[in-house]
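Thanks for coming. I will go through one chain this morning, starting with a single residue and then widening the view. Please look at the sequence and the structure as they come up.

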Amino acid sequence: MEHVVWIPSLHRDLTGGVEKVTVEGETVGEIVAALDARFPGIEERLCEEGHIRPYIAVSVNGEISQRGLRHRLTEQSDIHFIPALSGG
């Protein structure tokens, strides 16, 4: 099943500026692996020790996922990797 993945602006240097891509996978982990196969280095930026990095949230169809890479995708989905905002 294909899913639309929105690439955060911080990571578009790896995608040649591409904002969204269509990727196949049954879990968020498979989506990240497919992204990394197409855009080497993106997995390292999104993941740490087999988990989504602590400062990145995963949104599936507008809802923040608590399951991270294990989130199962049962329908065609829009996936966003949302970096935390910081400031002072």
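In which loop does glutamate 49 lie? Glutamate 49 sits in the loop that joins strand S3, residues 47-48, to strand S4. Before I go further, note that this is a predicted model.

Why start with this residue? As a rule, most residues other than glycine have a negative phi. Glutamate 49 has a phi near 50°, a positive value, and it is not a glycine. Its relative accessibility is 76%, and the cut-off for exposed is over 50%, so glutamate 49 counts as exposed.

There is another case to look at. Asparagine 61 also has a positive phi, about 55°, and is likewise not a glycine. You will find asparagine 61 in the loop between S5 and strand S6, which covers residues 63-64. Its relative accessible area is 36%, which lies between the limits of 20% and 50%, so asparagine 61 is called partly exposed.

Now the whole chain. How many helices and strands does the secondary structure come to? The count is 2 helices and 7 strands. Reading from the N terminus, the order is β-β-α-α-β-β-β-β-β.

On overall dimensions, the C-alpha trace spans about 40 × 30 × 25 Å along its principal axes. The radius of gyration is 12 Å, and a compact globule with 88 residues would have a value near 12 Å, so the chain agrees with that expectation. Of the 88 residues, 36% count as buried. The accessible surface comes to about 5500 Å², and 48% of this belongs to carbon and sulfur atoms.

Next, contacts. Take those between residues with a separation of 6 or more: 48% of them join residues 24 or more positions apart.

Is histidine 11 buried or exposed? Histidine 11 has a relative accessible area of 7%, and the cut-off is under 20%, so it is buried. Histidine 11 belongs to the loop between strand S1, residues 2-6, and strand S2, residues 20-24. Setting aside residues up to four places away in sequence, histidine 11 touches Ile42, Arg45 and Leu46.

Histidine 80 is in strand S7, residues 78-83. With a relative accessible area of 29%, histidine 80 is partly exposed. Leaving out neighbours within four places in sequence, its contacts are Trp6, Ala57, Val58 and Ser59. Histidine 80 and isoleucine 7 are 73 residues apart in sequence, yet their C-alpha atoms are 6.9 Å apart in space.

Last, the empty space. Rolling a probe the size of a water molecule over the atoms shows where such space is left. The largest pocket holds about 160 Å³. Which elements give two or more residues to its lining? They are strand S4, residues 51-52, and strand S5, residues 56-60. The lining includes His51 and Ile52, as well as Ala57 and Val58. By class, the lining has 5 nonpolar, 4 polar and 2 charged residues.

That is where I will stop.

How values were computed. Residues numbered from 1 in each chain as written. Predicted model: local features only at pLDDT ≥ 70, side-chain atom pairs only at ≥ 80, totals over all residues. Heavy atoms only, no water. 1 Å grid on protein atoms, 1.4 Å probe; cavity = no way out; pocket = protein on both sides within 12 Å on 5 of 7 lines; lining within 4 Å. Points joined across faces, edges and corners; volume = space filled by probe spheres on them. Helix = DSSP H or I, 4+ residues; strand = E, 2+ residues; numbered from the N terminus. Nonpolar A, V, L, I, M, F, W, Y, C, P; charged D, E, K, R; others polar. Buried < 20%, exposed > 50% of the residue type's maximum accessible area, 1.4 Å probe, protein only. Contact = heavy atoms within 4.5 Å. Rg over C-alpha atoms; globule rule 2.2 N^0.38 Å. Areas by Shrake-Rupley, 256 points an atom, 1.4 Å probe, with all protein chains shown as cover.
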